[in-house]
Amino acid sequence: MTEFLTRACLCLLLAASPALAQDEVPDEDQQLMVDPAFSDDPQAVVPAEPSAAERQRAAEAAKGPETARGQGAQLRGLDKITGQTRDFDLANGQSVEFGRLQVSLAECRSPAADPSADAYAELTITDRRANKQVFSGWMIASAPALSALDDSRYDVWVVACDRA
């Protein structure tokens with residue numbers, strides 16, 4: 001029995017020896033980062049909070065382009081079964097029926113500097129047969145898949161805003 005225990009201990013020691021032989025100092029990237037505010041090191045520097053002006057500049061940069069409100073929107077609908085498309089011109093606050101869907105436009109916005117560049121429309125789409133809202137939110141003309149209607153038969157997307 002003691003011979004068995006001796007062999008088992010030797011096997012464990014041999015298996016663990018590569019791990020015990022590694023006395024490497026971890027790279028700077030692998031070291032645990034500690035917030036200087038919680039460090040015991042008196043030389044640690046706590047990063048300064050950004051000033052109100054810096055926070056204001058960051059907020060202005062994150063806003064994106066200035067937008068202008070359009071009078072309405074041009075939308076396009078596709079019936080995936082028949083392959084037919086239909087264009088709608090809706091004024092803000094107006095609705096239209098497209099198959100079993102009712103499409104309502106709340107408002108349309110576009111970049112103030114270049115209105116033809118893009119369009120953002122706030123739509124509510126209701127399935128009248130199921131009496132259920134199937135889409136509510138903003139659709140973007142340049143990225144229709146980003147916020148899209150998920151319907152097995154119909155597809156609706158924004159083409160442009162009406163500026164007149």
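Strands, here runs of at least two residues assigned E by DSSP, are numbered from the N terminus. In this predicted model, D118 is placed in the loop that runs between strand 5 (101-111) and strand 6 (120-127). The relative accessible area of D118 is 14%; because buried means under 20%, D118 is classed as buried. Through its side chain, D118 forms a polar contact of 2.8 Å with the side chain of S142. When neighbours within four places in sequence are set aside, the residues in contact with D118 are R109, S110, P111, I140, A141 and S142.

C108 belongs to strand 5 and C161 to strand 8 (residues 154-162), so the pair ties together parts of the chain that are 53 residues apart in sequence. The torsion about the S-S bond is about -85°, and the disulfide is therefore left-handed. C108 and C161 are both buried.

A further element examined was helix 2. This helix covers residues 52-63, twelve residues in number, and reaches 17 Å from its first C-alpha to its last. That span is close to the 16 Å expected at 1.5 Å a residue. G64 follows helix 2 and has a positive phi, near 90°.

Key:
Residues are numbered from 1 along each chain as its sequence is written. This is a predicted model: local features need pLDDT of at least 70, side-chain atom pairs count only at pLDDT 80 or more; totals for chains, interfaces and linings use all residues. Side-chain values use heavy atoms; hydrogens and water are left out. Helices (H or I, at least four residues) and strands (E, at least two) are DSSP runs, numbered from the N terminus. Buried means under 20% relative accessible area, exposed over 50%, partly exposed in between (1.4 Å probe, protein chains only). A polar contact is a pair of N or O atoms within 3.5 Å; within protein, one must be able to donate a hydrogen and the other to accept it, and residues adjacent in sequence count only if both atoms are side-chain atoms. Contact means heavy atoms within 4.5 Å. A disulfide is a pair of cysteine sulfur atoms within 2.5 Å. The expected span of a helix is 1.5 Å times one less than its number of residues.
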